Amino acid sequence: MSQIETFYEVMRRQGITRRSFMKYCSLTAAALGLGPSFVPKIAHAMETKPRTPVIWIHGLECTCCSESFIRSAHPLAKDVVLSMISLDYDDTLMAAAGHAAEAALQDTIEKYKGNYILAVEGNPPLNEDGMYCIIGGKPFVEQLRHAAEHAKAIISWGACASYGCVQAAAPNPTRATPVHKVILDKPIIKVPGCPPIAEVMTGVITYMLTFDRMPTLDRQGRPAMFYSQRIHDKCYRRPHFDAGQFVETWDDEGARKGFCLYKMGCKGPTTYNACSTVRWNEGVSFPIQSGHGCIGCSEDGFWDQGSFYDRLTNIKQFGVEANADQVGMAAAGVVGGAVAVHAAVSALKRAQKKTQDKVEG
Amino acid sequence: MTKDSHALDIEGLPVNRQTSVYVYEAPVRIWHWVNAAAILVLCVTGYFIGSPPPSVGQHEAYNQFIFGYIRFAHFAAGMILTVGFLGRAYWAVIGNHHARQLFYLPVWDGHWWREVLFEIRWYLFLEREPKKYVGHNPLAQLAMFFFITLGVGFMIVTGLALYAEGAGQGSIFDDLFGWVIALVGNTQRLHTLHHLGMWWILIFMIVHIYVAIREDIMSRQSIVSTMISGHRTFKDDRPD
């Protein structure tokens, strides 16, 4: 393994200065929530450790995860981590194509058996033996199983790989299935989002490459450092929520003043992600800041939770689209009506019985 | 003879005249009314949390805390409901046997099922005269179990799981109820289920209040006053 370059060597080969390298280390430490004392540790790890090979495969997806990744605000993350990945296998970004690409995948698997990280973007459809997604002449699910067999760990990029996303939305005709339901015997890190934030993606990879272990995961298998809080918990519009100041329509005074978007269906209170802290496009903004509610794209089954503009989810089991209030009010109406009728009949019966008792008595 | 929902009651009661029996002990009665108040607060504030009232004030946000107070009232009432429920469960263990009726159904008891059927017939106007019961009648016990014991239990578990979201990972609420969040995946679903639960309990409220008043008038025993004084009185001395 000694012939494998270290991260630092790869970076220097990319023309990155020592100064920029140290900046990258401190930025990464900050992004991971580590103290300044970890900066030299990250630097040391990157200088001495052979880089961890990464294979990046693509199933049913829209490539938004890759698009997000290459726009990471850390200049070095996109230059270095990405170039390191493309050295191995990424059918979207690598130079090779066709048989050469497939050969590169096979080479990487053989060469780094049990040592590489498998990054999965998208998910395998299982219906029709996986024929809805063909990679290199074979169903994607076969490539996934093959590549996963000798992987050290798997990263599920985005909502597709983590939860299924739009292709798994009801009725899910291709039976698109998230990675953790297909690969059962490997540690899997879910990095949900549609797409995930670029800095979150590079942060997770850097953590694993640097410390050679999985980040702490929450109950749903997401890195706790980025997914342990809701958008709502760190939202800068939260004071308006607590004050009871809401945007009522898109063009009202509240919208102009930047009130809370809760009534416009913002899913921030049920969405675990780092958007309200890390933000997007080099920290410029995030959906709520630009005046639109969160759509909850990093949550399980977010396509099936009704309109993006309603707080109350549609309940499709009732045949017609209804929300909890409509269902409840209908049921309460029926029961209330039944009670009224029952009360009326009771009164009649009682009157009748009294009359009878009088006659009998 | 007076009867509870199962035959055990017959023992130890005088055979002839029975005008008043002490049924609901003080903790049960206090729980009932505290619970009722908490549920009322929870329904109103909970509805507003799902569908907030119109925005008020165009001032700076730090000048007011309206939605915060609504949510505080909801959480406070929820905590009272939870503690009350636990206290009530404890009283079921150490209280009299009427206090236990809420927490189990004697589904193995054929006699109990026949009484359920009788009560259904009574409510369908197929029986001319109702029976006497010291505690809950079997149909009431059935309703209490599904609406209050299971219904409120469900609301406590889902409610505390939603509370755990705000309390944050690592909090005691998250340690105890975070598994519910993992179970449903997306907490938007948990909100919907919790919301449906409110309507489930609201339906119980309608039926419960109606039936209590109706039985107070039409049955042969006291109902409403029993939950205040604790004593069940009977309107006649005829058996059963």
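**Exercise 1. The sheet of chain A**

Task: Work out in what order the strands of the open sheet of chain A lie, and find its edge strands.

Solution. 
Step 1. Read across the sheet: five strands of chain A form an open sheet in the order β2-β1-β3-β6-β7. The pairing is parallel. Keep in mind that this is a predicted model.
Step 2. Look for strands that pair on one side only. These are β2 (89-90) and β7 (188-191) of chain A, the edge strands.
Step 3. Recall the general rule. Strands of a sheet pair through backbone hydrogen bonds, either parallel or antiparallel.

**Exercise 2. The neighbours of β3(A)**

Task: Find how many bridges join β3(A) to β6(A), and which residue of β6(A) stands opposite Ile117(A).

Solution. 
Step 1. Take the β6 side. Strand β3 (residues 117-121) and strand β6 (residues 153-157) of chain A run parallel and are joined by five bridges.
Step 2. Ile117(A) faces Ala153(A). Val120(A) stands opposite Ser156(A).
Step 3. Turn to β1(A). Five bridges pair β1(A) with β3(A), again in the parallel sense. Here Val120(A) of β3(A) has Ile57(A) opposite.

**Exercise 3. Burial of β3(A)**

Task: Decide how many of the five residues of β3(A) are buried, and say which residues lie on each side.

Solution. 
Step 1. Sort the residues of β3(A). Ile117(A), Ala119(A) and Glu121(A) are on one side. Leu118(A) and Val120(A) are on the other.
Step 2. Check each side. Both faces of β3(A) are covered, and these residues are all buried.
Step 3. Conclude. Five of the five residues are buried, so β3(A) is largely enclosed by the rest of the structure.

**Exercise 4. Helices on the sheet**

Task: Name the strands of chain A that helix α7 lies across, and those that helix α9 touches.

Solution. 
Step 1. Take helix α7 (residues 140-149) of chain A. It lies across β1 (54-58), β3 and β6 of chain A. Helix α7 runs at about 165° to β1(A).
Step 2. Take helix α9 (residues 198-211) of chain A. It packs on the sheet and touches β3, β6 and β7 of chain A. The direction of α9 makes about 155° with that of β7(A).

**Exercise 5. Helix pairs in chain B**

Task: Classify the pairs α1(B)–α2(B) and α2(B)–α4(B) as roughly antiparallel or oblique.

Solution. 
Step 1. Decide what to look up. Two packed helices are described by the angle between their axes and the distance between the axes.
Step 2. Take helix α1 (residues 26-50) of chain B with α2(B). Their axes come within 8 Å and cross at roughly 150°. Angles over 145 degrees count as roughly antiparallel, and that makes α1(B) roughly antiparallel to α2(B).
Step 3. The crossing of α1(B) and α2(B) is left-handed. Their contact has 16 nonpolar, seven polar and two charged residues.
Step 4. Take helix α2 (residues 66-94) and helix α4 (residues 138-167) of chain B. They pack at about 135°, with axes 10 Å apart. α2(B) and α4(B) are therefore oblique to each other.
Step 5. List the contact. α2(B) gives Phe75(B), Gly78(B), Leu81(B), Thr82(B) and Phe85(B). α4(B) gives Val152(B), Ile156(B), Gly159(B), Leu160(B) and Tyr163(B).
Step 6. Class these residues. Seven are nonpolar, three are polar and none is charged. The crossing of α2(B) and α4(B) is left-handed.

**Exercise 6. Chain B as a whole**

Task: Find how many helices and strands chain B has, and in what order its elements run.

Solution. 
Step 1. Count: chain B has seven helices and two strands.
Step 2. Order: from the N terminus on, the elements run β-α-α-α-α-α-α-α-β.
Step 3. Extent: the C-alpha trace of chain B spans about 70 × 35 × 35 Å along its principal axes.
Step 4. Burial: 29% of the 240 residues of chain B count as buried.

**Exercise 7. Where the chains meet**

Task: Identify which element gives the largest share of the side of chain A that touches chain B.

Solution. 
Step 1. Count both sides. 47 residues of chain A are in contact with 36 residues of chain B.
Step 2. List the elements of chain A that give two or more residues: α11 (238-243), α12 (253-257) and α14 (324-360).
Step 3. Pick the largest share. α14(A) supplies it, with 13 residues.
Step 4. Class the chain A side: 18 residues are nonpolar, 15 polar and 14 charged.

Notes. Residues numbered from 1 in each chain as written. Chains lettered and ligands numbered in written order. Predicted model: local features only at pLDDT ≥ 70, side-chain atom pairs only at ≥ 80, totals over all residues. Axes fitted to C-alpha atoms, helices over the stretch in contact; angles between N-to-C directions. Helix = DSSP H or I, 4+ residues; strand = E, 2+ residues; numbered from the N terminus. Parallel < 35°, antiparallel > 145°, perpendicular 65-115°, else oblique. Left-handed = near helix turned anticlockwise from the far one by under 90°. Contact = placed C-beta atoms within 7 Å. Nonpolar A, V, L, I, M, F, W, Y, C, P; charged D, E, K, R; others polar. Pairing = 2+ DSSP bridges. Buried ≥ 20, exposed ≤ 12 C-beta atoms within 10 Å, placed from the backbone.
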